[in-house]
Amino acid sequence: MHIKLNGNDHQSEFETITELVQNLEIDPAIIIIEQNGTILKKETYDSCEIRNGDVIEIIELVGGG
């Protein structure tokens with residue numbers, strides 16, 4: 001299926017946000033995910049299905065001082 005991931009066209013075979021995050025090898029503790037303009041709660045990643053045409057933004061939180 002075709003999605004936009006962080007502004008770029010992306011082919012995805014993953015069915016859920018959890019599968020996508022695991023494949024990208026990103027620590028879910030340090031990210032925020034927006035799907036089609038809605039910020040997702042981490043506890044819903046397993047049930048959030050990815051559909052053709054979705055727009056997904058993954059924002060990595062960075063600490064510093």
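1. S12 sits in the loop that runs between β2 and α1 (helices, H or I, of at least four residues and strands, E, of at least two are DSSP runs, numbered from the N terminus). This is a predicted model, where local features need pLDDT of at least 70, side-chain atom pairs count only at pLDDT 80 or more, and totals for chains, interfaces and linings use all residues. Residues are numbered from 1 along each chain as its sequence is written, and side-chain values use heavy atoms, leaving out hydrogens and water.

2. S12 is buried, at a relative accessible area of 4% (buried is under 20%, exposed over 50%, partly exposed in between, with a 1.4 Å probe and protein chains only). The S12 side chain gets to the backbone nitrogen of F14 at 3.2 Å.

3. E13 is in the loop between β2 (8-11) and α1 (17-23) too, but E13 counts as exposed, at 60% relative accessibility.

4. How many salt bridges are there? Two, taking a side-chain nitrogen of Lys or Arg within 4 Å of a carboxyl oxygen of Asp or Glu. One joins the side chains of D9 and K4, N to O at 3.1 Å; D9 is exposed at 53%, while K4 is partly exposed at 34%.

5. The E49 salt bridge goes to R51, with the closest N and O atoms 3.2 Å apart. E49 is partly exposed, with a relative accessible area of 45%, and R51 is exposed at 51%.

Key
Polar contact = N/O pair within 3.5 Å; in protein donor to acceptor, adjacent residues only side chain to side chain.
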